[in-house]
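I opened the model to look up its cores, its sheets and its ring contacts. My notes follow in the order I worked.

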Amino acid sequence: MTEILSGHLANIFTGVVVKRLTLVETKTEKSNQHEFQGIRQLRDLFGEQDRRDIRTTFIWMNREQEAMSDLGFVSWSNVRKGKPRSPEFHLYYNNNSITETMKEGDYAFIALKPDNEVVVIVVPADSGMLQQLYWLFGLDDQQQREISQAKGKTAATLVEFKKDRDAELDFAARFILEELGIEFEIPESNRIDELLQKYPAELPGTMEFARFARDTMFDEVSAWEEPDETLLAWLVHEEKLFRRHEFLRIEKRVPAFSANGKIDVDGSTAFFKSIFNARMSRMGSSLEHHLEAIFKRADLKYTRGKVTERTSKPDFVFPGIAEYRDSLFPARRLTMLASKSSLKDRWRQITREADRIEQKHLFTLQPGISVQQTDEIKTQKVQLVIPGPIHATFRPNQQVELMKLKDFIKFVKQLDTVKS
């Protein structure tokens, strides 16, 4: 089944084939072959002509949604070329750390890029990333069921993308691609370069840079009327600024690592490690700064990052730490919000924060969390707070259990009306 979709992914992929891996497609003692079956959907994606040694990025997502990647190649070949029998295609792959890891029953997303390179994403059936990828590539419930129920036989879906120059990646799509380590183009680079002239060398601390991002938004936003959309707009704009500054730094420094015909391996490794660490660490702090800005505009009373008991420091306590530490202040008028840009297994630590508050609230930007994980979070008396536009990445039965940021703000304001 082929679906034609218009949208932002067209600048990254021309199409993707989604399938479950069969035993003969994986490297096992029962198969000496290194190939994906040349099913009809792959023929529609790659065409009828042989393609040799296509540069390929292999990505594997584990159960904790940590990505591993390796470079290699695939070759698309008709093994019956020149013979009277009907063509029989195979997609051969080289042996690498990802293909060594994959096994029967895993899900494969085989994507072709506009430059004719390939990305192969392998996801175990119990990975929380599976639902995110289904949403990212636009597979409906029926297509998902057909693929998941294909035990020992081939079932696949081809999704193709049409160019739309005006479309831009939304936040959830950016988040997923970031987790996969897939780079994407940052638009409006000329306008962003003008803004970054304020910081020609190094960027300031995360608080100042977050404020700078809010103050330089190209489009008007309303932190109170639409806090969910506003928060995501701030984060996307800050990401554009950060990535562009990152690119300009790399552009300036890279030539120095190959001066005099010699490559400075240690220097280049240290530099790119610092770039990576800065990218990984900034999101959590930026998110807290932007949440605080919204809480201030909503005129909420709160305390940020203070010890409740032991060494626990909830990100936000409402109406404040003084009320929390006052044993005479009613516990039912207290609440807390933990802020985590992504979940993985780190959400469990908040269950040990703020003993006086039984129902915890957890804000996250993580799209498409698995049903199993949202059920577990609920049983631990944790309420997920997720920006409204990201709710679409969850299944309908999950969405009814989620709280928007706007709903959380209303909830906090209502606590002031609770009778003592």
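**Entry 1. Cores**

I began with the largest nonpolar core, which has 50 residues. Phe 295, Phe 318, Phe 363 and Leu 365 touch the most other members of that core. I took a nonpolar core as a set of buried Ala, Val, Leu, Ile, Met, Phe, Trp, Tyr and Cys residues joined through side-chain atoms within 4.5 Å. Buried means under 20% relative accessible area, exposed over 50%, and partly exposed in between, with a 1.4 Å probe and protein chains only. Helix H9 gives the most to this core, with six residues. Another core, of 31 residues, lies apart from it and has Leu 9, Met 61, Ala 173 and Leu 177 among its members.

I then listed contacts of Leu 365, leaving out residues up to four places away in sequence. Among them are Phe 171, Phe 175, Leu 232, Met 283, Lys 340 and Ile 390. Contact means heavy atoms within 4.5 Å.

**Entry 2. Ground rules**

This is a predicted model, so I note its limits: local features need pLDDT of at least 70, side-chain atom pairs count only at pLDDT 80 or more, and totals for chains, interfaces and linings use all residues. Residues are numbered from 1 along each chain as its sequence is written, and side-chain values use heavy atoms, with hydrogens and water left out.

**Entry 3. Whole chain**

I counted 13 helices and 14 strands in the chain. Both are DSSP runs numbered from the N terminus: helices are H or I with at least four residues, strands are E with at least two. Of the 420 residues, 50% are buried. Among contacts with a separation of 6 or more, 64% join residues 24 or more positions apart.

**Entry 4. The five-stranded sheet**

What is the strand order in the open sheet of five strands? I read S10-S11-S12-S13-S14, with mixed pairing. Strand S10 (303-304) and strand S14 (382-385) each have a single partner, so one side of each is left without a neighbour in the sheet. Two strands pair if DSSP finds at least two bridges between them. S10 and strand S11 (residues 316-318) are antiparallel, with two bridges. Thr 303 has Val 317 of S11 as its bridge partner.

Helix H13 (residues 405-415) lies across S11, S12, S13 and S14. It runs at about 155° to S12. For such angles, axes are lines fitted to C-alpha atoms, for helices over the stretch in contact, and the angle runs from 0 to 180 degrees between N-to-C directions.

**Entry 5. Rings**

A search of the whole structure gave me 20 aromatic pairs. Rings of Phe, Tyr and Trp (its six-membered ring) pair if their centres lie within 6.5 Å; planes under 30 degrees apart count as stacked, over 60 as edge-to-face and the rest as tilted. Phe 295 and Phe 316 are edge-to-face, at 5.2 Å centre to centre and 90° between the planes. Phe 295 lies in H9 (residues 265-297) and Phe 316 in S11, so this pair ties together parts 21 residues apart in sequence. Phe 316 and Phe 318 have ring centres 6.4 Å apart and planes at 25°, so they are stacked. Phe 295 and Phe 316 are buried, and Phe 318 is buried too.

Elsewhere, ring pairs link Phe 13, Tyr 107, Phe 109, Tyr 134, Phe 137 and Phe 161 into a cluster.

I also checked charges over rings (NZ of Lys or CZ of Arg within 6 Å of the ring centre and within 35 degrees of the ring normal). Arg 282 has its charged end over Phe 242, 4.4 Å from the ring centre. Arg 356 does likewise over Tyr 324, at 5.8 Å.

**Entry 6. Strand S2**

Is strand S2 (residues 15-20) mostly covered or mostly open? I found six of its six residues buried. Gly 15, Val 17 and Lys 19 point one way, and Val 16, Val 18 and Arg 20 the other. Side chains alternate between the two faces of the sheet in a regular strand.

Six bridges join S2 to S7 (residues 107-112) in antiparallel fashion, and Lys 19 has Ala 108 as its partner there. S2 also pairs antiparallel with S9, over five bridges. In S9, Glu 160 is the bridge partner of Gly 15.

**Entry 7. Two loop residues**

Ser 342 is in the loop between S12 and S13. It is buried, at 9% relative accessible area. Gln 149 is in the loop between H4 and S9. Gln 149 is exposed, at 55%.
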